[in-house]
Amino acid sequence: MPGQEQQRPSRREDESEDVPAVPAQGSGQTSAKSSETDADVDALLDEIDEVLESNSEEFVRGFVQKGGQ
Amino acid sequence: MTVRRVVGIETEYGISVPGDPGANPMLLSAQVVNAYATATAGGRSRPRWDYEDEAPLRDARGFEVDRARAHPSQLTDAPRRATPNASDVVSAETEDPTMANVILTNGARFYVDHAHPEYSSPEVLTPRDAVRWDRAGELILLESLRRVAATPGLTPVTIYKNNTDGKGASYGTHENYLMDRATPFGDVVRHLTPFFVSRQVFTGAGRVGLGQDSREAGFQISQRADFFEVEVGLETTMKRPIINTRDEPHATVEKYRRLHVIVGDATMCEVATLLKVGTTSLVLAMLEDGWLERSPAGDLPLSEPVRALHEVSHDPGLTHLVRLRDGRRMSAVQLQWAYLEAAKAYVEDRYGADVDADTAEVLTRWEQVLGRLETDVFSAAREVDWIAKLRLLEGYRSRDGLDWDNARLQAVDLQWSDVRPEKGLHRKLAERGQVETLLREEDVRHAVDHPPTDTRAYFRGECLARYGARVAAASWDSVIFDVAGRGALQRVPTLEPLRGTREHVGALLDRCETAEDLVAALTG
């Protein structure tokens, strides 16, 4: 099993319960081999490009929700 | 029972008006639900929801929260008070959004919950049926969206099967499992906590942004994990707990407990939904049977479960080791292997070669997905939402040199779950055969209008389909008739979820032409 720990070496009782300082991208994320070829992925992205909202910034900013369980 | 168990999935959908982030979400949600109901009911009066047996403040730990001290959002048995700022929007001119509440002929409830349209699936018995009626919900939301768009005067909306806006708001996808009331609740907490913390590795829907309000850029496994703050509790809208204690079985109280699971994500991948329900059902079966007590999987107490939930979600490399109270450290995948090994041994011991196909399927797929996660994360991209989504995101990042804070990546995250097939990225992958599907589309479409045949949802749905004009109200555990010749409404309790099946009442319903005939037959 992988042994690269990504947590703080120790933690004291009085530390706050906020989101822990774990790196955003795990080490395996970018190095993991895709089982598909680059050409396949590019073809897929080209198709997704055609349906992706054209103004991403505005689309993302406008997506606001209230309430929820 | 093994993976066979009374289960339902309820989903609050995200709703948005392009170009108008300030639009009133309650009114929009009511518009969505009403557009569907009006189109399907064909003008007849609509049965109301029966709140008679609701008890949202009853706690599984053996007490009831004082009504005066509860947050208004907890009072789901009094909808007007449960909605935030209801007085702001309810007026003589606008239809009361809290009345947007319909019971569908497939046995589901479709209504406005707080500020979202919510689809609560009918009760089903198998993980495959859970997937089927959950997917039927996607089609119902799609049809609603189209009805709204086609109606002059209504504001067109877009709808998403996700769990956060990335700005601090989260809305839930809840699973409900009926289980044996006799199982001590402390055992439920002890055994399910490590299971829920670790199951995200295949149930996570994937999310761009870290922290409740995405204050850090990056990608994490779960949509919901960052919103959980305590280990056990009754709340669902704040201080969210990994184990929720709401004790409202909607069934015979002495016999059943309804385990209300709020820690899951809304999943688009059919295999992920199958595994979410199937593996949880298996763990519950082992719990009820006392099997976990004698298994290594019964001894995995985490030292800080909430922290571990966040850490696992923030580790798409799957290398993080969570700390157990006894000092051991294990990865989420290792924790899952422990539960899988226990389940395999359990099923072998109890059923051997006679195992049913649904249980065998869940065990096989559980083992396959864990194997893939262990060897090459991306090899599970056909089955697991967060991995399929991450593959797209990494594709963009490497093709266009994007950083994690790029809005296009957040747009991919949102659009993953857009219910419109021409826009939804998961649907696009499904059309290309890049994610695995389990069901034929015609079977999903059939589930939009028809109930499962093997639970009480059959009775509810068929009564609505056959005698809808005479149904005054209904709920999970009742159908109330308003029939000629009877002064009072006639309430038919349906407290036993395994009665009211087609086998049980199909012939009776076929024999009764009218609601009057049915009520006469039922009351003798």
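**View 1. Buried residues of helix H11 of chain B.** The buried residues of H11(B) are Ala407(B), Leu409(B), Ala411(B), Val412(B), Asp413(B), Leu414(B) and Gln415(B). Buried means under 20% relative accessible area, with over 50% exposed and partly exposed in between, for a 1.4 Å probe and protein chains only. This is a predicted model, in which local features need pLDDT of at least 70, side-chain atom pairs count only at pLDDT 80 or more, and totals for chains, interfaces and linings use all residues. Side-chain values use heavy atoms, without hydrogens and water; residues are numbered from 1 along each chain as its sequence is written, and chains are lettered from A and ligands numbered from 1 in the order in which they are written. Helices (H or I, at least four residues) and strands (E, at least two) are DSSP runs, numbered from the N terminus.

**View 2. Helix H2 of chain A packs on helix H10 of chain B.** The angle is about 95 degrees and the axes are 10 Å apart. Axes are lines fitted to C-alpha atoms, for helices over the stretch in contact; angles run from 0 to 180 degrees between N-to-C directions. H2(A) and H10(B) are therefore roughly perpendicular. Angles under 35 degrees count as roughly parallel, over 145 as roughly antiparallel, 65 to 115 as roughly perpendicular and the rest as oblique. H2(A) contributes Val41(A), Asp42(A), Leu44(A), Leu45(A), Asp46(A), Ile48(A) and Asp49(A). H10(B) contributes Arg391(B), Leu392(B), Gly395(B), Tyr396(B) and Arg399(B). Contact means heavy atoms within 4.5 Å.

**View 3. Helices H4 and H6 of chain B cross.** The axes of H4(B) (residues 127–150) and H6(B) (residues 270–288) come within 8 Å and cross at roughly 130 degrees. That makes H4(B) oblique to H6(B). Pro127(B), Arg128(B), Ala130(B), Val131(B), Asp134(B) and Arg135(B) of H4(B) meet Glu270(B), Thr273(B), Leu274(B), Val277(B) and Gly278(B) of H6(B).

**View 4. An open sheet of 6 strands in chain B.** The order is S6-S7-S8-S1-S10-S15, with antiparallel pairing. Strands pair if DSSP finds at least two bridges between them. Strand S6 (101–103) and S15 stand at the edges, each with a single partner strand, so one side of each is left without a neighbour in the sheet. The twist averages 20 degrees from one strand to the next. S1(B) (residues 7–12) and S8(B) (residues 116–120) pair over 3 bridges. Glu118(B) in S8(B) is the bridge partner of Glu12(B). H5(B) (residues 185–203) packs on the sheet, touching S10 and S15, and its direction makes about 30 degrees with that of S15(B). H6(B) also packs on the sheet, touching S1, S10 and S15; its direction makes about 25 degrees with that of S10(B).

**View 5. Strand S10 of chain B and its partners.** In S10(B) (residues 173–180), 7 of the 8 residues are buried, so the strand is largely enclosed by the rest of the structure. S1(B) joins S10(B) through 5 bridges, running antiparallel. Thr11(B) stands opposite Thr173(B). S15(B) (residues 256–261) joins S10(B) through 6 bridges, also antiparallel. Here Tyr177(B) has Leu259(B) as bridge partner.
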